[in-house]
Amino acid sequence: MPRSSTRTSSVRRSRTRRVGESAVGALLVARVALMGALALLLLVAGVWTSWSSAQYAMLVKARERGTMTVVSCRGERCTGPYVPTGGDGERRPKVSIAEAAAPDKGAVVEVTVKPGTAHAVRTGPAGILHAWVPFAGSLLLAALVVAGGMRLRRTAWVMGLIGAVLLGAAFAAL
């Protein structure tokens with residue numbers, strides 16, 4: 001009796017080939033897991049770095065709030081006198097703010113002072129956006145890892161666009 005031409009015959013692969021295919025599959029899964037862990041590490045580091053300033057810019061309950069007049073800028077910090085506008089704040093002859101968050105010399109900017117220091121953090125929308133710039137950068141870096149290492153291109157595009165929009169908004173606000 002002849003065999004039907006529509007029926008396919010199964011070809012049996014050798015044990016060595018099956019083990020080799022399993023090893024390649026395991027390596028692919030390991031690569032995706034490693035790249036996922038690296039992307040997660042980048043995002044956690046970005047949030048951790050941003051939160052050190054963002055908590056003062058965003059959560060202003062029981063914080064020392066006021067205004068700072070930018071007098072001089074040296075290195076990466078700008079300094080000037082601080083005048084409280086609310087809370088239990090006291091006048092300070094000199095506080096410092098990150099140069100990237102400071103407007104031109106002579107400008108008055110709303111700030112909150114980190115407790116126990118002379119470091120000020122800009123408040124308001126511009127200060128919040130500036131505080132989240134490290135997270136935006138980590139989104140951009142993680143997008144590269146997700147696209148290249150995990151082959152999730154759409155997810156990477158979304159992450160990259162969110163990071164770029166956040167950076168652009170911070171640049172426009174400052």
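Predicted model: local features only at pLDDT ≥ 70, side-chain atom pairs only at ≥ 80, totals over all residues.
Q: Which residues of α1 are buried?
A: The buried ones are A39, G46, S50, A54, Y56 and A57.

Q: What covers them?
A: The cover includes two strands, β5 (108–113) and β6 (120–122). It also includes the helices α2 (124–131) and α3 (133–149).

Q: Switching topic: which residues make up the largest nonpolar core?
A: That core has 12 residues in all: M68, V70, C78, Y82, V95, I97, A101, A102, V109, V111, V113 and A120. β3 (77–86), β4 (92–98) and β5 are the elements that give two or more residues to it.

Q: Which element gives the most?
A: β5, with three residues.

Q: I keep looking at M68. What is M68 in contact with, leaving aside its neighbours within four places in sequence?
A: M68 is in contact with C78, T79, G80 and P81, and also with V95 and I97.

Q: What other core lies apart from the largest one?
A: Another core, of nine residues, lies apart from it, and V145, V146, M150 and A156 are among its members.

Q: OK, on to α3. What span should its residues give, and why?
A: The 17 residues of α3 should span 24 Å, because the expectation is set at 1.5 Å a residue. The end C-alpha atoms are 24 Å apart, which agrees.

Q: Which α3 residues are buried, and what covers them?
A: A136, S138, L139, A142, A143, V145, V146 and G149 are buried. Their cover includes α1 and α4 (153–173).

Q: What follows α3?
A: R151 does, in the loop between α3 and α4. Its phi is positive, at about 60°, although R151 is not a glycine. Most residues other than glycine have a negative phi.

Q: Is R151 buried, exposed or in between?
A: In between: R151 is partly exposed, with a relative accessible area of 48%.

Definitions and conventions: Residues numbered from 1 in each chain as written. Heavy atoms only, no water. Buried < 20%, exposed > 50% of the residue type's maximum accessible area, 1.4 Å probe, protein only. Helix = DSSP H or I, 4+ residues; strand = E, 2+ residues; numbered from the N terminus. Contact = heavy atoms within 4.5 Å. Core = buried A, V, L, I, M, F, W, Y, C linked by side-chain atoms within 4.5 Å. Expected span 1.5 Å × (residues − 1).
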